Amino acid sequence: MTFSQAVDNFKNRSIPTNWLQPVKRGFKCIGCGNGSGNDGTGASLSNDGTRLLCGKCGKAFSYIDVAAFHYGFDISNFPDAVKKLCEIENIQLNFSNETSLSSDEIKLSHDKKTIDAETLKQKNAAANFLSQSHGKLKDFLDRQGGTWRGLSYDVLNFLHWEYCENYKHTNNNFSFPAILIPNDNGGLLARQVNGNSKSNLKPSGSSTIFLPKNPKFILTVEGSINGASILQACGLNLDFAIFAANGTPNIELIFKKICALFPQKIPVAIAFDNDSNGAGQKAAENLLKSLKNASFDACIVDITKTPDKDLNDILNTNNGTFKLANIVNDAIAHAQTEFQNIQHDKEKELFGLNATDYLDIHFQNFIDDNKKFANRKTGFSNLDDEMHSFQPGIYIIGGLPALGKTSFALQLLHQLARQGENCIFCSYEMSAGFLFSKLLAFEVCRLETNDFNSSIINPDDNLRLHPLTATKISNGNFYEHEKFYLQAKQNLRESLKNFRIWELNDVNISSLLSRLESFCSNFARPPIVVIDYIQILAMNGNNPKTAIDSALHDIINCRRKTNITFLIVSSLNRANYNTDISYESFKETGTLEFSADVIWGLQLETQGDRNHQSIQSAKNENPRFIQLLCLKNRFGSNFDIGFKYYPAVDLFLPNDEYGEFTDYQSNDSGQLVARSKKNVKSNYI
């Protein structure tokens, strides 16, 4: 393996998390130590896992940096550090095949043009500058404090950019220190290190910034430095290609390049500068027109949304790496939605033009897909009687705080997993440990009550008078119930092999959906996924309603592609806490009522008018009597059903089975007295 190949190999590796010190949120920064303070907020891994990003010091650390920290060797001399890492990992280096101009490996497949003498002269000059400057980049960056325009050595070296101490300007009047940026045609652009001077050596050409083996789509930017800024923010293990036009006059060049490299016509997103003079957007529109005429799926994304501000400007702001990574991720999500809309419009047009073909070829597939889930049940008898089957779709469940939304969703997922369904609980709020504690509390209660066939709260049975709660389990206080606890733990190990809890910190919905799509590719039957809860996804956005709309839009597209069943937990609007639950109760819902297939609302059954006092009184009951109102149901009629909820053991039981149970509550003297309550149906339907 050559030195360059070894460097590229290390750069593309995911950073092992066991090399990092976890803190409350993220990992301790290996540079500035961020994360060791009282707040516990540290550095985080990039979406592809190849970079450790620190918001405090603004640095991004690669596998090589983290390995040097882990193994305890010096990184200041980069070549020696790479050699040391190769020795540790038993990688044999071969320096005989090294070349100084590896950028020449990138060639276009179209016919070569005849090069005039002046162009050939400049091309040779470009090669000489690059050759003479080879190896000086690291020393220059060390003097600069490690970066140039926010770009690190890892990125610049990956792109084969070099540093020239005394670049001679093409008009021969003056020289300046410059970063040399080669293009795909053998020319280069020299950018003054401390100033605005630049010089092009022919031939002109676009630049390949990043080209994976099988890119999902192409992102085109106006300048090479913008493309390099994306690599700095997002890492070197992307699943899409990045090309730079190197100026608006090169639109025809980059169009021909895309056509030559991708005859299969993969989608193209155009993210040019938003200049106040309109040159960037005009060039983007011209490129868009050319691509569409050539039958590419293409769209324009406004990646900065600020006139005269490019991606490198964002990278150089405070916490610029994080800001730019989020901006790029949002732009990519928008582009992917546009690509899906383009495909959807094509399919819609096709099926509209020829309905016979759809009925003969596609409609049976639609029926076969639905038949797969015709017998899927939630495990709640009253809910299954109303829903008939739990079809793939988007289900929203909302309710007051501490009413049991998470417990209901967790129990439903538990019951589906016991039937063999693939189930994933995506938790943005509760830890995986506490969610499993809830499942164990539920299972212990099931064992102690013989499958809930005897009283859950029994004054003659100390175990059930003082049930084992999730809090007790999480604190290790289960000895009173140890026999049942150990049996419950074994039962869950055997019955929940298809059940997973994903404890999430990254609130970017795109990364979650990408992970879910990868999961689906490994299983024949798509999973049922709980997202707890949707308002958290909007916390980093300036407009919660817009953020939720965007998240729901992405979830809809993911469901169409994968047939995942989503159950999304939602909080309620405070203004509706003391009223019957309705569409207006859902907090910052945006287009939720249009997006969801089914909307369920959980509310307490109260005696008399619904107000703070009656709600608090109902919340103090044990069990609590809960109504589930179906506000929307694309698969059938709306309905209203009842549940008994035992908060201590995180258990919901259908209320239409109340006759099988004896329940108790405390009277004014603190004594437990028997109590029964008939299932109350509302007039909602």
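1. Let me start with a pair worth a look: glutamate 517 and lysine 561 form a salt bridge through their side chains, with an N to O distance of 2.9 Å. Glutamate 517 belongs to helix H19 (residues 509-520) and lysine 561 to helix H20 (residues 544-562), so this pair ties together parts that are 44 residues apart in sequence. Please keep in mind throughout that this is a predicted model.

2. How exposed are the two partners? Glutamate 517 has 28% relative accessibility and counts as partly exposed.

3. A search of the whole structure gives 12 salt bridges.

4. Are aspartate 184 and lysine 257 buried or exposed? Aspartate 184 counts as buried at 10% relative accessibility, and lysine 257 counts as buried at 1%. Both calls follow because buried means under 20% relative accessible area.

5. Next comes arginine 418, which forms a salt bridge with glutamate 443; their closest N and O atoms are 3.8 Å apart. Here too the pair links distant parts of the chain, with arginine 418 in helix H14 (residues 405-418) and glutamate 443 in helix H15 (residues 432-448), 25 residues apart.

6. Arginine 418 is partly exposed, with a relative accessible area of 41%, whereas glutamate 443 is buried, at 0%. The pair also belongs to a network of salt bridges that links Arg418, Glu443, Arg446 and Asp451.

7. While you are looking at helix H15, have a look at serine 437, which is found there. Serine 437 counts as buried, at 6% relative accessibility. Its side chain reaches the backbone oxygen of glycine 433 at 2.9 Å. Which residues does serine 437 touch, not counting those up to four places away in sequence? They are Ala470, Ile473 and Ser474.

8. Now for a sheet. Three strands form an open sheet in the order S1-S2-S3, with antiparallel pairing. Its edge strands are strand S1 (44-45) and strand S3 (60-61), each of which pairs on one side only. Strand S2 (residues 52-53) pairs with S3 in the antiparallel sense over two bridges. Leucine 53 has alanine 60 in S3 as its bridge partner.

9. Finally, some totals for your own checks. The protein has 22 helices and 25 strands. Of its 685 residues, 50% count as buried. Among contacts between residues at least 6 apart in sequence, 65% join residues at least 24 apart. The accessible surface comes to about 32300 Å², and 46% of this belongs to carbon and sulfur atoms.

Note on methods:
Residues numbered from 1 in each chain as written. Predicted model: local features only at pLDDT ≥ 70, side-chain atom pairs only at ≥ 80, totals over all residues. Heavy atoms only, no water. Salt bridge = Lys/Arg side-chain N within 4 Å of Asp/Glu carboxyl O. Buried < 20%, exposed > 50% of the residue type's maximum accessible area, 1.4 Å probe, protein only. Helix = DSSP H or I, 4+ residues; strand = E, 2+ residues; numbered from the N terminus. Polar contact = N/O pair within 3.5 Å; in protein donor to acceptor, adjacent residues only side chain to side chain. Contact = heavy atoms within 4.5 Å. Pairing = 2+ DSSP bridges. Areas by Shrake-Rupley, 256 points an atom, 1.4 Å probe, with all protein chains shown as cover.
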